[in-house]
Amino acid sequence: MTPLLTIAELRSTVRETPVPARIFAQATEVLRRESANGKPYYELKLRDSSDTLLLRAWNDTPAFHSCEKLAQGTPIEISGEFQVNGQFGLEGRRWTLRALDDEETEALFSSTQGTSSASLDYVNVQIESLSDPRLKALSQAFLREFGPRFSRASAARAHHHARRGGLLDHTAQMMRSAEAICSTYPSLNRDLLLVGTLFHDTGKLWETCPPERGFEIPRELRGELLGHITIGIELINSLWRSLPLEEWKELSPSSETVRLHLLHLIAAHHGQLEFGSPVEPKTPEAIALNAIDNLDAKLEMLFQAATSQPEVAPGILDRIRPLNINPVVPLPKFELP
């Protein structure tokens with residue numbers, strides 16, 4: 001039977017030789033276009049929990065007539081042969097499509113490729129381990145109220161963790177790095193850095209968040225007008241006001257000092273004014289958070305390129321625009337013969 005793959009698995013598997021495969025995905029765009037010689041064709045943009053894929057249906061294929069009747073947002077199966085074309089990248093050949101039934105649709109939208117239960121479990125364990133009761137209560141209040149939205153949000157529209165559940169995976173990986181850095185630099189405030197990591201991109205719940213049953217990332221007025229840093233600051237302040245602060249008025253450092261330091265981490269996490277931060281990092285935890293965020297984003301792009309970018313020369317991959325480099329295939333780990 002033809003294997004059922006995610007789009008990401010398809011990219012990592014297929015090269016120049018055609019490979020038969022099936023994918024379940026959502027048709028997020030169905031656009032009728034004309035070629036240079038005036039012949040109509042369709043561009044079909046597909047998205048699942050792992051990646052996106054653009055297919056073209058030419059007017060002399062069965063897929064063209066299927067696209068004529070296809071509504072945007074429909075969950076579908078694509079079945080055909082796939083190969084990498086040096087000019088166009090991953091392409092489908094002799095592919096057909098059909099709408100998914102209810103059971104298949106449910107399987108598609110409940111996929112854990114992005115919204116990994118392991119990532120959410122790790123985040124919860126880290127929050128439970130916090131010593132500062134104010135930061136712990138704030139984090140628990142966030143997860144109680146916004147957990148489902150947090151679990152499906154994307155970390156970006158493109159480039160890194162740009163998928164349903166990508167923000168959760170990005171956050172969990174950053175928390176792992178934060179733990180390692182706190183072990184190396186024990187003077188860092190572990191509680192503050194972990195909670196800053198949790199909240200650093202929470203504004204993206206209103207900037208890059210797919211709907212409950214969908215993978216496409218719509219634009220929201222709140223995200224467009226304010227941006228995720230401003231929204232994240234607003235979110236922390238809103239949740240903070242709901243905490244029983246009177247119970248902690250004797251704690252040191254004071255609750256107000258803790259709140260301001262946490263807000264600084266959110267405001268400064270892009271690192272530089274020209275990158276969108278309203279203030280540059282001014283504390284050890286803020287500098288660490290910016291470095292962890294930058295590291296995880298860049299490594300994600302490089303790891304993704306190693307499995308999906310075509311080679312432009314032996315061992316040299318196609319350009320990654322955000323990094324402005326042609327990445328080189330990583331050196332394999334040494335293994336004894």
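Arg 94 sits in strand β6, which spans residues 89-99. As background, most residues other than glycine have a negative phi. Keep in mind that we are looking at a predicted model here. Is Arg 94 buried or exposed? With a relative accessible area of 61%, Arg 94 is exposed, because the cut-off for that label is over 50%.

His 159 is another residue with a positive phi although it is not a glycine, and here the angle is about 85°. You'll find His 159 in the loop between α5 and α6. His 159 counts as partly exposed, because its relative accessibility is 48%.

While we're on backbone geometry, have a look at the step from Ser 252 to Pro 253. That peptide bond is cis, with omega near 0°. For context, most peptide bonds are trans. Pro 253 belongs to the loop between α8 (221-241) and α9 (255-268).

Now for the charged side chains. How many salt bridges does the count come to? The count comes to 23 salt bridges. Here are three of those pairs.

| Salt bridge | Distance, N to O |
|---|---|
| Glu 77 and Arg 22 | 2.8 Å |
| Glu 68 and Arg 32 | 3.7 Å |
| Asp 191 and Arg 190 | 3.8 Å |

Start with the pair of Glu 77 and Arg 22, joined by a salt bridge. This pair links distant parts of the chain: Glu 77 lies in strand β5 (residues 75-85) and Arg 22 in strand β2 (residues 19-34), 55 residues apart. Both Glu 77 and Arg 22 are buried.

Glu 68 and Arg 32 also form a salt bridge. They link distant parts of the chain too, with Glu 68 in helix α2 (residues 62-68) and Arg 32 in strand β2, 36 residues apart. Glu 68 counts as partly exposed at 43% relative accessibility, and Arg 32 counts as partly exposed at 49%.

Then there's the salt bridge between Asp 191 and Arg 190. Asp 191 counts as buried, with 10% relative accessibility, whereas Arg 190 counts as partly exposed at 24%. Salt bridges that share partners also join Arg 22, Glu 77, Arg 98 and Glu 104 into one network.

On to the helices. Two packed helices are described by the angle between their axes and the distance between the axes. Helix α4 (residues 117-128) and helix α6 (residues 166-184) have axes that come within 9 Å and cross at roughly 45°. So α4 is oblique to α6. The crossing of α4 past α6 is left-handed. Among the residues making the contact are Leu 120, Tyr 122 and Val 123 of α4, along with Leu 168, Ala 172 and Met 175 of α6. The contact residues of α4 with α6 divide into seven nonpolar, two polar and three charged.

How do the axes of helix α5 (residues 133-152) and helix α7 (residues 190-199) cross, and at what angle? They come within 11 Å and cross at roughly 20°, so α5 and α7 are roughly parallel to each other. α5 passes α7 in a left-handed crossing. The contact includes Leu 135, Phe 142 and Phe 150 of α5, and Asp 191, Val 195 and Phe 199 of α7. The residues of this contact of α5 with α7 divide into eight nonpolar, one polar and one charged.

Notes:
Residues are numbered from 1 along each chain as its sequence is written. This is a predicted model: local features need pLDDT of at least 70, side-chain atom pairs count only at pLDDT 80 or more; totals for chains, interfaces and linings use all residues. Side-chain values use heavy atoms; hydrogens and water are left out. A salt bridge is a side-chain nitrogen of Lys or Arg within 4 Å of a carboxyl oxygen of Asp or Glu. Helices (H or I, at least four residues) and strands (E, at least two) are DSSP runs, numbered from the N terminus. Buried means under 20% relative accessible area, exposed over 50%, partly exposed in between (1.4 Å probe, protein chains only). Axes are lines fitted to C-alpha atoms, for helices over the stretch in contact, and angles run from 0 to 180 degrees between N-to-C directions. Angles under 35 degrees count as roughly parallel, over 145 as roughly antiparallel, 65 to 115 as roughly perpendicular and the rest as oblique. A crossing is left-handed if the near helix is turned anticlockwise from the far one by less than a right angle, and right-handed if clockwise. Contact means heavy atoms within 4.5 Å. Ala, Val, Leu, Ile, Met, Phe, Trp, Tyr, Cys and Pro count as nonpolar, Asp, Glu, Lys and Arg as charged, and the others, Gly among them, as polar.
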